[in-house]
Amino acid sequence: GGNRGIGRAIAGTLARAGADVAIFARSPESVERTAAELSQGGVRSIGLVGDVGDPGDVERAWAEVAETFEGVDILVNNAGITRDNLLLRMKPAEWDEVLRVNLAGAFHWCRLAVRPMIRKRWGRVINMASVVGLTGNAGQTNYAASKAGLIGFSKSLAAEVASRGVTVNVVAPGFIETEMTAALDDRARAAYEERIPAGRLGSAQDVADLVLFLASPLSDYITGQVICVDGGLTR
């Protein structure tokens with residue numbers, strides 16, 4: 001999920017900090033373009049195409065990452081989709097697809113990445129949830145369930161690997177400037193901003209800066225936490 005929006009900001013921020021970066025997403029064109037742009041900063045970057053909800057795709061991508069970079073020190077699970085609908089109108093396929101990508105996708109990547117982190121006795125897993133996973137939201141039972149599930153998954157994994165020098169944390173963005181919010185009319189935007197104590201929507205960089213901190217040695221003693229980036233919305 002590193003080819004656009006929040007994921008792209010995270011990938012760029014980590015690359016500027018000196019990390020080699022592999023990004024994995026479904027769009028070949030944007031994956032290749034983003035990887036090429038990241039490489040211009042002097043780090044190695046590769047783009048991998050696939051579906052995080054498909055364990056076969058993830059295993060093939062993992063093999064290429066492991067060969068290119070000799071392992072992974074930082075895993076950011078950012079890929080996610082929405083299929084919003086009221087529960088009484090929601091199709092089983094809309095439920096299944098959101099859980100498959102948003103929750104099972106993180107499982108597939110963590111299952112492969114955590115073992116070598118344990119062997120090295122150092123690693124960072126950062127899972128991207130949402131404030132909706134804490135508060136719920138009408139019309140998003142599938143999305144909220146996937147993000148709440150990701151929080152529980154992360155806390156459990158954190159307890160399993162903490163003694164081996166591996167941390168697992170969750171970042172929960174609130175209303176962030178994205179392609180979706182850019183389409184809001186002035187009235188809708190003002191309504192969102194009125195709910196946020198900080199008085200503005202967040203930026204993708206606001207989220208990326210926290211990820212950089214959690215990926216660094218500065219966060220050695222922080223694990224199993226859910227940190228909201230929402231301007232005070234969730235209290």
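Contact here means heavy atoms within 4.5 Å. With that in hand, a few local features of this model, which is predicted.

I start with Asp-51. This residue sits in the loop between strand 2, residues 45–49, and helix 3. Leaving out residues up to four places away in sequence, Asp-51 touches Phe-24, Arg-26, Asp-57, Val-58, Arg-100 and Val-101. With Arg-100 there is also a polar contact between the side chains, at 2.8 Å. Is Asp-51 buried or exposed? Its relative accessible area is 15%, and the cut-off for buried is under 20%, so Asp-51 is buried.

In one of them, Phe-24 and Trp-109 are edge-to-face, with 5.3 Å between centres and 70 degrees between the planes. Phe-24 belongs to strand 1, residues 21–25, and Trp-109 to helix 4, residues 92–120, so this pair ties together parts that are 85 residues apart in sequence. Both residues are buried.

The other pair is Phe-175 with Tyr-192: the ring centres are 4.3 Å apart and the planes are at 50 degrees, so the pair is tilted. Phe-175 is in the loop between strand 5 (166–173) and helix 7 (179–182), while Tyr-192 is in helix 8, residues 186–195, so the parts tied together here are 17 residues apart in sequence. Tyr-192 is partly exposed, at 27% relative accessible area.

Next, Thr-68, in helix 3, which covers residues 55–69. Thr-68 is partly exposed, with 30% relative accessibility. A polar atom of its side chain lies 2.8 Å from the backbone oxygen of Glu-64. Setting aside neighbours within four places in sequence, Thr-68 is in contact with Arg-44 and Ile-46. As for Lys-120, it is 52 residues from Thr-68 in sequence, and the C-alpha to C-alpha separation is 18 Å.

Last, the cysteines. A disulfide is a covalent bond between the sulfur atoms of two cysteines. The structure holds zero of them. Cys-228 is accordingly in no disulfide.

Key. Residues are numbered from 1 along each chain as its sequence is written. This is a predicted model: local features need pLDDT of at least 70, side-chain atom pairs count only at pLDDT 80 or more; totals for chains, interfaces and linings use all residues. Side-chain values use heavy atoms; hydrogens and water are left out. A disulfide is a pair of cysteine sulfur atoms within 2.5 Å. Helices (H or I, at least four residues) and strands (E, at least two) are DSSP runs, numbered from the N terminus. Buried means under 20% relative accessible area, exposed over 50%, partly exposed in between (1.4 Å probe, protein chains only). A polar contact is a pair of N or O atoms within 3.5 Å; within protein, one must be able to donate a hydrogen and the other to accept it, and residues adjacent in sequence count only if both atoms are side-chain atoms. Rings of Phe, Tyr and Trp (its six-membered ring) pair if their centres lie within 6.5 Å; planes under 30 degrees apart count as stacked, over 60 as edge-to-face and the rest as tilted.
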